[in-house]
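Q: Could you walk me through how the strands are arranged here? Please start with the terms.

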Amino acid sequence: MAKELFAIFGNPVSHSKSPLMHNLSFQGLGYDACYARYQLLDGKQLKNTFFSLGLKGINITVPHKEHAYNACDELDPFAQKVGAVNTIVEKEGKLYGYNTDAPGFLKAISEFQNIKTVLFLGAGGTAQSTSSILRDEGYKVTLLNRSEGRLERYKNDEFETYTFDDFIAKKYDLVINMTSAGLEDDSLPAPKEILDSVIPQAKACVDVIYGKETPFLKLAKLHNKPTKDGSDMLLYQGIIAFEYFTDHKFKFDEIEPYMKKAFIL
Ligand code: NDP
């Protein structure tokens, strides 16, 4: 059988850990495949590019998850519901789309016990899929966003939503930074007064940003809260994508030790 080719599509992609994560797993499990990175400038070219490169599967990162959704011939029911695809697999000339960010996130927060209420700081694309899966699992999710615009679709889906201006602090078991605040700057995802009113009542604080301690997580530590960054979410979404790429030939626990090596190299 010819070697299968996989890639990550995004813009930028130079920073992505996905090639290392997947190549270490292919190698470790003896699966004859290779994973590259591709900077896709125009999301509308996703399907053409996929076929012209002769790929078997891709992951899709910012800013093309909606384009990926539109490029698929068949959608997994959850990806269909949330409108965002981060994993595509080709089968007999058709593109099948999945969302592995949300189940990856769900698994990443499963270590925190007795969590019922969750406050999301941010309402972008990642919040969209993760809020949906959390609600399906019985969590009550409230969203607090800097500006009104992105909250509209959550309001229509009957989530409780606030901006900084009308927020009323309550007790939330988990407070999660779903924004890009702190990724390339030193900003907090919400005004400090708001964070100082919700963090002390929380059981733990989580950030989806990985590879650095954000100002949000630093503040949570000052309040002596358990914290977690986005590394496990990245790892778990990758393992679930790998399961799709290899048509479930390997179990989650078999893949994990190889993919995990990408985080210690
Ligand atoms: P989007 O661009 O879709 O949304 C960005 C969100 O952040 C918006 O709600 C925006 O608010 C808010 N925001 C941006 N800057 C600030 C700021 N300075 N202060 C307050 N709010 C701000 O981004 P995504 O949802 O795609 O990504 C969000 C984060 O998730 C990123 O940091 C990304 O790296 C991370 N991520 C991590 C993954 C992992 O595996 N660990 C997987 C996927 C994403 P507004 O509406 O007002 O503009």
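A: Two strands count as paired if DSSP finds at least two bridges between them, and strands (E, at least two residues) and helices (H or I, at least four) are DSSP runs numbered from the N terminus. This is a predicted model, in which local features need pLDDT of at least 70, side-chain atom pairs count only at pLDDT 80 or more, and totals for chains, interfaces and linings use all residues. Residues are numbered from 1 along each chain as its sequence is written, and side-chain values use heavy atoms, with hydrogens and water left out.

Q: OK, how do β5 and β6 pair, parallel or antiparallel?
A: Strand β5, residues 87-91, pairs with β6 in the antiparallel sense over five bridges, and Glu-90 has Leu-95 in β6 as its bridge partner.

Q: And what's in the turn of that hairpin?
A: Two residues lie between β5 and β6, and Glu-92 in the turn has a positive phi of about 50°.

Q: Switching topic, what's the strand order in the open sheet?
A: Six strands run in the order β9-β8-β7-β10-β11-β12, with parallel pairing. Because β9 (160-163) and β12 (227-228) stand at the edges with a single partner strand each, one side of each has no neighbour in the sheet.

Q: Which strands does helix α9 lie across?
A: Helix α9, residues 215-222, lies across β7, β10, β11 and β12, and runs at about 170° to β11. Contact here means heavy atoms within 4.5 Å, while axes are lines fitted to C-alpha atoms, for helices over the stretch in contact, with angles from 0 to 180 degrees between N-to-C directions.
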